[in-house]
Every structure is written in C-alpha cells, then in structure tokens.
Amino acid sequence: MRPLKLVMNAFGPYKEKVVIDFTQFQQQTLFLVSGPTGAGKTTIFDAIAYALYDDASGTSRGKDSFKSQFASDEVLCFVELEFEIAGRNYFIKRSPVQIGPGKNGKLKKWSSEVEFHHNGTVTTKISEANQEIQELLSLSYEQFKQIVMLPQGEFKKMLESNSADKEKIFRNIFQTDTIKDLQSLLKDKASNLKQGMDQSESTLQQFVGMIPENSNEILREAILLYDIPTIMEELTRLVESYKAKIQLLEKELATLDTLSHNNQRKIDLLVALEILEEEKEILGSNAELIEAKRLGLALAKQAEECFEAKQQVERIATEKQAIEMELTKEQKLLTETAECLLETEKRYHGLQVAYKELPNKREALLSLKEQEKKTQRTNC
C-alpha cells in the first residue's frame, strides 16, 4: 500500500485543513517524518490508520478525541486518504462522532460516517468498508500497526512477538498461503505414497512367506536373500512350466472324458436291453391274463353302453310322460275355452235380439210416459 494524498480537517492538533501530498517524494520507498515532541508526527499516522481501519495508530488516543480541541463546533472533523495498491487507486473518507453544524445554524450530533470508493462503487456502511479494506490490504489492524506503520514504542512488540505470530504476519504480507497449501498437499501425497508403499511391502512379504519351502534351489536362495527380481523371474518360469503341464493334463482329461462317455452309453444300452428282455418274459407269461382282462374290458364297455342306452330310454320315457301331461292340460284348457266361447255366442245372440227389440221398448216407454202425464192433468 502506497499513500498518495492525506487530508486532515480539524483533526488532532491541526485546527485547519492540512493536505499532505506523498507523490512529491517521487516513489521513494523510505522517507523520514521528523519534528519536535508535540509537533503532530503521530497524528499523521493516526489519520492514516483511522482512514483505513477506523482506529488510531497507537494506544494513546481514542476515536472520540480525534476532533481538534482548537476547532469550533461549526467545523466538521474528517480525514481523506487516497492510496495505491497494485497499480489501482482507492479513496476513503471518514468522520468521527462529533458536534457539528446543523440546519438553521443550530448544532447537532453527527454520527460516524465513511465513504470508500473502489472499482467504481462506493461503500457507506462502516462494517462493510472495514472488511473490504482488511481484505484488500490482507492485514488486520494489529498486523498493520506492527508492519506498515510502527508508532513510537511499538516496534519492540513486533520484534518480541513469538514465531507463530511472526509467521502469520509475514504469510499475510507475502501471500504465501498458496505455498503453504501446496506444502500441505505435497505432504499429504507423500504420506499417502509412503502408506501405500508400506502396505505393498507388507503384502510382498506375506506373498514371499507363502512360497513353499520345497521349491527349487534358486528360488530358495532368492527367498533367503529377499531378492525380489530373482523371485519374480523364477516364479514366472515355474508358472509357465505349470501352465504347460496343466495343458497336457487337460488334453488327457478330455480324452478320458470322451472314452468314459462312450463306455457309459454302452452300459446304458446294455441295461436297457436287459430291462426289455425281462419285460418281454413278463408279458409272455401273462398273455392269458392280458387276454382275459381285454375280454373283461370289452364286456365292461358293452355293459356301459347298455347302461347308457337304458338311461337314455328312461330319460326319453320321462320326457314323453311330461309331454303327454302337458298335452292333457292343453286339451282341457282348449275344451274350457270352447265352452266359454259357446256361452259367449249365446249371450251375443241374446244381446242382438234385445237390441232389435230396443226401439219397440223405447216407443212403449214414451207411450207410457204420455199416459202418465195425461193422468196427472186429469187428476188436477
């Protein structure tokens, strides 16, 4: 981090605005800030530390006392810092909690504020700005005080810090985390390789211990000397020899299998022939019995056919009787129907005669009514 420009307004002992242009040192890597005690040297460091980390560079001054006691309440205290990292410029402005000018000429209490300009954006939240700057510088506030800017009396703390703290500080400065991760990765791989090698060695020893002691002299001597190449060469030769023997034995076994199969077929045929001869003899001795059974089967078949015929005749007789009974019922019903028809015809003829006499009866009725009317008039 290279400071380019620092602006302090009503900050510490500086009542007015103070501007320090660090570019006038023409990229010098070392310069001296000198002056008598109380001249404001530490204030410059406090301003830079406050702009970056929202805190002072040392322990002698707190944030609440940043505003100059010589400045009036109408003047605001703030710090601006422009700096460069890896060829890029950044700008930050901070102001502490203070009493300052408000509306209509009245005073009011101002809260702490921040503006961090980076990569075309502006961060105004204090916590976010602090986190972004710490990530940008790769240094915490304590590490910044010990490395970049050492206040009076605190350089000794850096020298007297333990190795672990120094290692952490320098790792952040030189960004050696990647190298540390690579070392850890290589260490893990080496450990895994050693573990695999030890396991392979153990397996190899077990394998050598499984080799029979009655092997040939060359192999026995190689085992005593733990000569792995010779052991492997001799075992390979023995394996090839055993493979050749196995092939010969497999051919002999195939020949024996074929011969055994043929002999088994012959045996099976002989056994089947004996069984057939025995069955032939049994059939010959039981010929009469078979004939009697055949005759019995024929008779039984005829009896079964007769029984079926008898059942069929009985079924036909039953059906005939049922039909005759139904026919009787139908004839009876027919007779009753004929009688009813004859009675109906008689009634019909009677109705026709009555119908023909109906006009005469109607005339007689009218005549009687006329006579009744005449009689009633006469009586009156």
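Glu 278 is partly exposed because its relative accessibility is 49%; the class lies between buried, under 20% relative accessible area, and exposed, over 50%, with a 1.4 Å probe and protein chains only. The model is predicted, so local features need pLDDT of at least 70 and side-chain atom pairs count only at pLDDT 80 or more, while totals for chains, interfaces and linings use all residues. Residues are numbered from 1 along each chain as its sequence is written, and side-chain values use heavy atoms, without hydrogens and water.

Glu 278 sits in helix α8 (residues 228-285). Helices (H or I, at least four residues) and strands (E, at least two) are DSSP runs, numbered from the N terminus. Patch residues have over 30% relative accessible area and no salt bridge; like charges are joined within 9 Å, and nonpolar side chains (Val, Leu, Ile, Met, Phe, Trp, Tyr) within 5 Å.

A surface patch of positive charge is formed by Lys 369, Lys 373, Lys 374 and Arg 377. Lys 374 belongs to helix α9 (residues 287-379). Its relative accessible area is 51%, so Lys 374 is exposed.

The whole structure holds 3 salt bridges, each a side-chain nitrogen of Lys or Arg within 4 Å of a carboxyl oxygen of Asp or Glu. Arg 94 and Asp 54 pair at 3.9 Å, N to O. Arg 94 is in strand β4 and Asp 54 in the loop between α1 and β3, so this bridge ties together parts 40 residues apart in sequence. Arg 94 is buried, at 1% relative accessible area. Asp 54 is buried too, at 9%.

Glu 80 and Lys 93 form another bridge, with their closest N and O atoms 3.9 Å apart. Glu 80 lies in strand β3 and Lys 93 in strand β4, so parts 13 residues apart in sequence are tied together. Lys 93 is partly exposed, at 29% relative accessibility.

Lys 194 bridges to Asp 198, with the closest N and O atoms 3.1 Å apart. Both lie in helix α6 (residues 177-209), 4 residues apart, about one turn of the helix. Asp 198 is partly exposed, at 38% relative accessible area.

The largest nonpolar core has 33 residues, among which Leu 6 and Leu 52 touch the most other members. Such a core is a set of buried Ala, Val, Leu, Ile, Met, Phe, Trp, Tyr and Cys residues joined through side-chain atoms within 4.5 Å. Elements supplying at least two residues each include β1 (2-11), α1 (41-53) and α2 (126-137). Helix α1 gives the largest share, 8 residues.

Conventions:
Areas by Shrake-Rupley, 256 points an atom, 1.4 Å probe, with all protein chains shown as cover. Lys, Arg positive; Asp, Glu negative; His and termini not counted. Charge placed at Lys NZ, Arg CZ, Asp CG, Glu CD.
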